[in-house]
Every structure is written in C-alpha cells, then in structure tokens.
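Here is a friendly walk through a few local features of one protein model. Have the viewer open as you read, and follow along residue by residue.

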Amino acid sequence: MPQIIESGKDFDVVKYFLQLLDKDKDMSYGIAAIRTLLMILEKKQFGTIHILHTTMREAVAAMRNTDLSIAAIVSAGELFCRFITLSLDDKHMEECRLIMLNRGKIFLDKLDNSRQVIGQQAQRFISDGCRILTHSRSRVVLKALITASQNKKSFHVYVTQGGTGNSGEEMIRDLNAAGIACTLILDSATGYVMESVDFVMVGAEAVVESGGIINRIGSYTMGLCAREMKKPFYVLAESFKFTRLYPLNQRDLPDEYKYSRKHLNDVSKVHPLVDYTPPVYITLLFTDLGILTPSAVSDELIKLYM
C-alpha cells in the first residue's frame, strides 16, 4: 500500500481516502480522490514536477486498487492533476507547489458546489404532479429532487432496487425523510412502470467521450425502454466524472470498470456492476458546465483537457 512519508510521519493514501468516505457517506469517490491528492500536496515537498506527477499517479493507482467503482476516481484524478499543473514554466518548485495547492482548493470548492448547480438546473424539468423514474441511489439526483420539493413542487418518484445491495432502499429512505412521495420497484418492473412516468432521471459513474454514460447495471436497459416508449432520459452528472474513454459497446468497457477487483481473475461467473448507455438513448445531461446534449460532451472534454 503506497505511503507518503513526510517529517518522519507516514501518510497512508488509501487509508485517508477510505476514511473520508467513511466519515461522509454522501461524498462521491471522485471528490474523496481529489481531497486525498490535495492532502498529498500539503504533506509532501517535491523536488521536480516529474516527481510530483509520479507521486500523483501512484496515489491514483492506489485508490483505484480498492474494491470500489473506479470510474470517478480515474476521471477526477486526471482532471485534478491536469488543472493544477497548467502553465508552470519558469517557476521554482516550491512556488509551483503553492500555486498548485491554491488551484487545487479552488478546483475542489467549485466541485463541492456542483450538485447544487445541477439541482437548480433540473428544476424547470420537474413540475407539479409529474412522475419520475430513477435507478437505484444517486446523490446528485437526490439533491435535485429535494431541491424541487423545497420549492413546493409535488411529484412522485419510482426507484428501482438497483441490483445487489440496498441502494434503492437507501434512496427510498432518503426521499421519505424529505417528505417526497416514492415507490420502490423491482429492476425487472422498469418496463411496466415506464409507460406511466413522465421522464427518467439517473446519475452516472462516468460520462464518456461519446456522450454516453457508465452507470449501475440496468441503466442501459432503462435507456432502451425509455427510447422505445418515447420518454425523456435525463442524466445528472458532475464534470469531474467526464472521462477520456470511448466505448462502442458493453465489451469495450475495461473489466476493472465492470467488476469487483476480487473477481478480475475470473469474471466468467459474476455479473457486471455497471453498464454502458450509448448517447442515442440520452436526451440531455445536466452538469455543472451547463445543460448539454450528448454530442456536446466531447467539446467539453477538449476544453477540460486543453
């Protein structure tokens, strides 16, 4: 397990990362990864930019080696490192480190507000009396629904169980606590419920270059069904989930994205945890960069990585 050693003390990258998630159950993996990288900047002195890049890459590799979904960890880590190291020519290393530390805090502050921005954008699409279908538990979708409820809108949410685990039930508990009418349904009841809802609203673990998304298994099925029944399919996702990946089909997704690490040696007897929903099934993406069509995602990725 990689460690950063500073002033005789060990900074355990993975331990710190997991502690952040344990302390705040609503913190996304991507935000936790960025906070961990920011802490490394604070803890360690770097001799060269090359050493800094190497240290950051090793830290991201350590975090993605945990038994968690890696999509947001990878994309957030790449974007963070790209943003903090822009235009640092002709400066000595300590000055560079302080600049990067300041940039990192600005970057994190902006992302910490992203759910609020996205939640506000979604408000004009959530109307009184509407019926919404969502998949499992998404923190950003939950934020948008609670914001709509606080704006005195009355609506009903159907929540799928979301496969293994109890994430759908957690979403139901959160919605009930916010006073939002909701119903838990089987994943296999998606088609049955689809004809009675006004639109689908889901989160994403990653937004890929094509404008499609990687999300909890069953999202692709929901997208197929929504398109067949001519229901809008909305995706809510923070910009740190934009990733430079271009899958053409389910097989194009790397196994490390789809399966738990303990099963990577033999995936023949386990089901994938996520699937890929192509852009053709997505109506709009609500992001902290604005409301985007799937075709606009590649342009935003170019801007992010320029």
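C225 lies in helix α10. Please keep in mind that the model is a predicted one. Is C225 buried or exposed? With a relative accessible area of 15%, C225 is buried, because the cut-off for buried is under 20%. Leaving aside residues up to four places away in sequence, C225 touches T190, G191 and M194.

Next come the helix pairs. Two packed helices are described by the angle between their axes and the distance between the axes. The table sets out two such pairs.

| Helix pair | Angle between axes | Axis distance |
|---|---|---|
| α6 (residues 114-121) and α7 (residues 139-150) | about 55 degrees | 8 Å |
| α1 (residues 13-23) and α3 (residues 49-64) | roughly 55 degrees | within 9 Å |

Let us take α6 and α7 to begin with. Their axes are 8 Å apart and the packing angle is about 55 degrees, which makes α6 oblique to α7. The crossing of this pair, α6 with α7, is right-handed. On the α6 side, the residues in contact are R115, Q116, I118, G119 and Q120, and they meet R139, V140, K143, A144 and T147 of α7. Sorted by class, this contact of α6 with α7 holds three nonpolar, four polar and three charged residues.

Now for α1 and α3. The axes of these helices cross at roughly 55 degrees and come within 9 Å, and α1 and α3 are therefore oblique to each other. The crossing of α1 and α3 is right-handed. Here V13, V14 and F17 from α1 meet A59, A62 and M63 from α3. What classes of residue make up the contact of α1 with α3? It has six nonpolar residues, with no polar and no charged ones.

Helix α8 gives us another view of packing. Within α8 (residues 167-177), the buried residues are S167, G168, M171, I172 and L175. Looking down the axis of α8, these buried residues fall within an arc of 145 degrees, so they line one face of the helix. What do the buried residues of α8 pack against? Their partners are the strands β3 (131-134), β4 (156-160), β5 (181-185) and β8 (213-216), together with helix α7. After α8 comes G179, with a positive phi near 75 degrees.

Positive phi values turn up at residues other than glycine too. S136 has a phi near 60 degrees, and S136 is a residue other than glycine. S136 is found in the loop between β3 and α7, and it is buried, with a relative accessible area of 1%.

K230 has a positive phi as well, near 60 degrees, again in a residue other than glycine. Where does K230 lie? K230 is in the loop between α10 (219-228) and β9 (233-236). Is K230 buried or exposed? Its relative accessibility is 74%, so K230 counts as exposed. Side by side, then, S136 is buried, whereas K230 is exposed.

Terms used:
Residues are numbered from 1 along each chain as its sequence is written. This is a predicted model: local features need pLDDT of at least 70, side-chain atom pairs count only at pLDDT 80 or more; totals for chains, interfaces and linings use all residues. Side-chain values use heavy atoms; hydrogens and water are left out. Axes are lines fitted to C-alpha atoms, for helices over the stretch in contact, and angles run from 0 to 180 degrees between N-to-C directions. Helices (H or I, at least four residues) and strands (E, at least two) are DSSP runs, numbered from the N terminus. Angles under 35 degrees count as roughly parallel, over 145 as roughly antiparallel, 65 to 115 as roughly perpendicular and the rest as oblique. A crossing is left-handed if the near helix is turned anticlockwise from the far one by less than a right angle, and right-handed if clockwise. Contact means heavy atoms within 4.5 Å. Ala, Val, Leu, Ile, Met, Phe, Trp, Tyr, Cys and Pro count as nonpolar, Asp, Glu, Lys and Arg as charged, and the others, Gly among them, as polar. Buried means under 20% relative accessible area, exposed over 50%, partly exposed in between (1.4 Å probe, protein chains only). The arc is that of the directions from the helix axis to the C-beta atoms.
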